Protein chains: 2
Amino acid sequence: MLQTRIIPPSANAHPYPLLIKSLLLSGSRYEKNREIVYRDTMRYSYATFNERVARLANVLTQAGVKAGDTVAVMDWDSHRYLECMFAVPMLGAVLHTVNVRLSPEQILYTMNHAEDRFVLVNSDFVALYQGIAGQLTTVTGTLLLSDNATAAGELPGSVGEYESLLAAAEPSYAFADFDENSVATTFYTTGTTGNPKGVYFTHRQLVLHTLSMATTLGSLDSIRLMGSDDVYMPITPMFHVHAWGVPYVATLLGVKQVYPGRYEPEMLCQLIKGEQVTFSHCVPTILQMLLAAPGAQGHDFNGMKVIIGGSALNRALYDAAKARGIQLTAAYGMSETCPLISCGYLNEELLAASELQRTAYRIKAGVPVPLVEAAIMDSEGRCLPADGETQGELVVRAPWLTQGYYREPEKGEELWARGWLHTGDVATLDAMGFIDIRDRIKDVIKTGGEWISSLELEDLISRQPAVREVAVVGVADQQWGERPFALVVAKDGQPLDAAIIKAHLTPFVEQGLINKWAIPSQIALVTEIPKTSVGKLDKKRIRVDLAQWQEAGSDFLSSL
Amino acid sequence: MLQTRIIPPSANAHPYPLLIKSLLLSGSRYEKNREIVYRDTMRYSYATFNERVARLANVLTQAGVKAGDTVAVMDWDSHRYLECMFAVPMLGAVLHTVNVRLSPEQILYTMNHAEDRFVLVNSDFVALYQGIAGQLTTVTGTLLLSDNATAAGELPGSVGEYESLLAAAEPSYAFADFDENSVATTFYTTGTTGNPKGVYFTHRQLVLHTLSMATTLGSLDSIRLMGSDDVYMPITPMFHVHAWGVPYVATLLGVKQVYPGRYEPEMLCQLIKGEQVTFSHCVPTILQMLLAAPGAQGHDFNGMKVIIGGSALNRALYDAAKARGIQLTAAYGMSETCPLISCGYLNEELLAASELQRTAYRIKAGVPVPLVEAAIMDSEGRCLPADGETQGELVVRAPWLTQGYYREPEKGEELWARGWLHTGDVATLDAMGFIDIRDRIKDVIKTGGEWISSLELEDLISRQPAVREVAVVGVADQQWGERPFALVVAKDGQPLDAAIIKAHLTPFVEQGLINKWAIPSQIALVTEIPKTSVGKLDKKRIRVDLAQWQEAGSDFLSSL
């Protein structure tokens, strides 16, 4: 270690740890009258927001919650969830954002593994909670979240209902300073195998993530994606990496925030129109659903900016959104990375390029945001050239990456092999710094010694006009090791079969976009493709289904 | 201290200290072809900038500079200075930005006090350096900075000329990680009494300051003050709080940067026009000078955004700038605060207000930027109400404030009394969060961005044998902000006038005890000077009297 100069601070100096409370206190002063809106049910000012966070802190303290405890939340996206995102960590406790789309068994597993002490439960999940309450090993109390204060519910161990308790609590709380490396949030990520794994983020990490994201959204691109005068609504669940951390950025800037509860397309459209939402973020499937919603027909979304992450953004969706007035920008990250790693951006060269080229870069994973280091690595840990062609595993460093998996040190060491966080994604890096995600390492199809990107194949197949949705996975093959297998959903009433898709893919082979062995051996027309709890293609389940079908001796091509 | 949950990181996890190298490495990838420009002399790309920082690190290492050493720079604003702002701290060394406008005695004092080991000297300062070299107690080597590589100069202890050495050095350097609390920069601030005091900032502090400033400039206001597509030129010296830290922000965003050398109005105008500068910052007097420059006449500055700090921004200047197409925004800070504390901003209420009201708020000191806490305090340490009326000393907290004064622990403890940094400014805070600076607690006179100690001037004037008593206060001056005004009482029967006092002060300028602009513009011979009840000069009353006399149209000089 270099012998740098370190001077002990003056005896009186304030050390200023990086704490989440600073985000709230900073942001609340810019626009005291700006609103936080929840559906058509609730709206209040930032001044009130500040008070409600203090009231919640008093309620939780009264209920026995202490620093170091884990407090779980089972809720749809709401102003109450936002209040928990501040009050719980500001008490020095840990917020566990429970993924309510997991199976009851998985939810039970995560709550016991995280050692949850106290649980806030939306009335919609009371039945679910009742089903697991008897097996929860660490919970000592619960609190009911409800849009209707009179709906008591039958919540085991309840200390009361949120709004009534808040109304009775003191509107101020002297939040203490503590170590910025204290854990603030935790949640569980479902991998391809085994139990969900717990990631966790400290106050310091969330503050730094917030500042870098604010810089990214405000300053990097020629378009200001979110500034103080935007209106923000997440369409990514708050249990999913704290809605990508954007509520912390919005609060820091004093931006008007709109929370839609559960994702009903009509309500989303109504809020976008009525509250004049200008900035949001979601996975591609949610945007597709939104654009197709009856309530969205004829509506001009002009000026709305949406960040797409979670899955690759394809050109068809980019163009469809653009035709409706929505500017899409791709971003990349994952649960382990808090999540922001990279964001779309048009540099000077691209701004001067053709529309087609600009779009090609808007839908890539973007450039690493401030303070992120990215590299691609081979399986031996060698860094590979950033030539836009060489593929390797994307590895990253940043000040806000999970430092391991909760209570699973060996998995954390694997995640962090050689001092880089391994994303499990295959990517290229080009000379302009752009990351292009080619596939999950697990989803890459290895056929006859060549790698085929399932994502690339899905993108090409999705350009066939009759295709509504497509998933490609590798299936075991005696001769080639693996061969691509495509599941395709046709648009209503449109003719589609394997021959049409093969004919659609042949020109791409002639253009050199793919090799001829990338054309799937088998193509199955299905009515639905399995999705994960966060709306991504569930390739794990698809593989299991296909393996079962194969064992049963089905012939897919003939089934079309 | 609360018992929060702290989880030791995975054995393999990368700790990611906040280091200045991350700012350079992050920013250099966004716009590799963007330019760094120095006058009409030099221009190169960010890719080259990166290489030159590595080359400089190799040159300094070769010259014996080690982590923990202090490296001083005596230069005008240049690309070379920018390179030093990165290379020196990235080596783990401390950058001392020497205030070349101080007297030679003061420069000597600061260089010995900071224990400078190595000095980079612009050819314009070689004569000055020769004059003090013999008394420098810690310097072991120097390096010549020159626009003309053949101008050898006679620099004592020189290891060579910057550009030639860089050209011969390796263009890469493996910068190590180290503790983020390592000191990165230091410089000296001249107060009301005594020797200049050394403030210092760590890597962590400068990274956090950069992120908060980027957020402020990019996202807070309805106007994006600086985004990636702006062109930046500082008109605040780089020795003055690292040009307010903006070069670090510009580099993080990959913004085109223009450095003007010494401040010649014609060159500034030429660069603004030729390089299409859109964002700058300066003290009011510099902007006045710029607008009045012959080369600026007839030029439309339309779209240019300028932050004004260092002295209060008055409405006359705001309007004059606006008439020329320049949007001014006031900001507030000081050497001790890195410097950014607050920045002008129009919230929703003000955007809807009258033009006059908006202007009134644009010229105030603004709202505290993200992560800054501000309060006003009475002399007993009680926080005063934020009612826009009650005046008190402005005290602040932020993660980037100097943690003391170098090698003067007792002064650091005073600065940080009660855990708040005391700005020495009297201010009000209003309900919208705006800071309005009302006065200095002490009686420093600010002229053309420089500080003059009234006590020091009184001391020197009182040495004139015919002077019985003297008081110096600052009076408003359209060109310079403030100019010193001296009230003098003559000893009985002795001849005294303004010319005698000016002649008496001139040798002190020549000796370097004071700068020539410290000589009072106006000197009034009076029979008595108002005193307080405890016999001190009553400067408050003097100011009131002078204001009345000025209103009455008196001409003081003629009155002598």
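**Notebook: a predicted two-chain model**

I began with the record: UniProt, in an unreviewed entry, lists residues 456–536 of chain A as "domain: AMP-binding enzyme C-terminal"; its positions are given in the numbering used here, feature names are shortened, and annotations may be inferred rather than shown by experiment. I then looked at that stretch in the model and found residues 456–536 of chain A to be 25% helix and 31% strand, with the end C-alpha atoms 16 Å apart. Helices (H or I, at least four residues) and strands (E, at least two) are DSSP runs, numbered from the N terminus.

I noted that this is a predicted model, in which local features need pLDDT of at least 70 and side-chain atom pairs count only at pLDDT 80 or more, while totals for chains, interfaces and linings use all residues. Residues are numbered from 1 along each chain as its sequence is written, chains are lettered from A and ligands numbered from 1 in the order in which they are written, and side-chain values use heavy atoms, with hydrogens and water left out.

**Confidence and domains**

I checked pLDDT, the predictor's confidence in each residue, from 0 to 100: the mean for chain A is 93, and 97% of its residues reach 70 or more. Over residues 556–560 of chain A, however, pLDDT stays under 50. For the complex, the predictor gives an ipTM of 0.90 and a pTM of 0.88.

The domain assignment of chain A gives domain 1 (38–200) and domain 2 (445–552), such bounds coming from an automatic or database domain assignment. I found the C-alpha centres of these two domains of chain A to lie 41 Å apart.

**Strands of chain A**

I looked next at strand 5 (residues 116–122) of chain A, where six of the seven residues are buried, that is, under 20% relative accessible area, with exposed meaning over 50% and partly exposed in between (1.4 Å probe, protein chains only). Strand 5 of chain A pairs in the parallel sense with strand 3 (residues 70–74) of chain A over five bridges, pairing being counted if DSSP finds at least two bridges between two strands; here Asp116(A) is the bridge partner of Thr70(A). Five bridges also join strand 5 of chain A to strand 6 (residues 141–145) of chain A, again in parallel, and Leu120(A) has Leu143(A) as its bridge partner there.

Thr186(A) counts as buried because its relative accessible area is 5%. Leaving aside neighbours within four places in sequence, its contacts (heavy atoms within 4.5 Å) include Thr70(A), Val94(A), His96(A) and Tyr200(A).

Strand 12 of chain A runs parallel to strand 13 (residues 304–308) of chain A, joined by four bridges, and His281(A) has Ile307(A) as its bridge partner.

**Backbone points**

I looked up the peptide bond from Cys338(A) to Pro339(A), which is cis with omega near 5°, and placed Pro339(A) in the loop between strand 14 (326–333) and strand 15 (340–343) of chain A. In chain B, a cis peptide bond joins Cys338(B) and Pro339(B), with omega about 10°.

Arg39(A), though not a glycine, has a positive phi near 45°, and lies in the loop between strand 1 (35–38) and strand 2 (42–45) of chain A.
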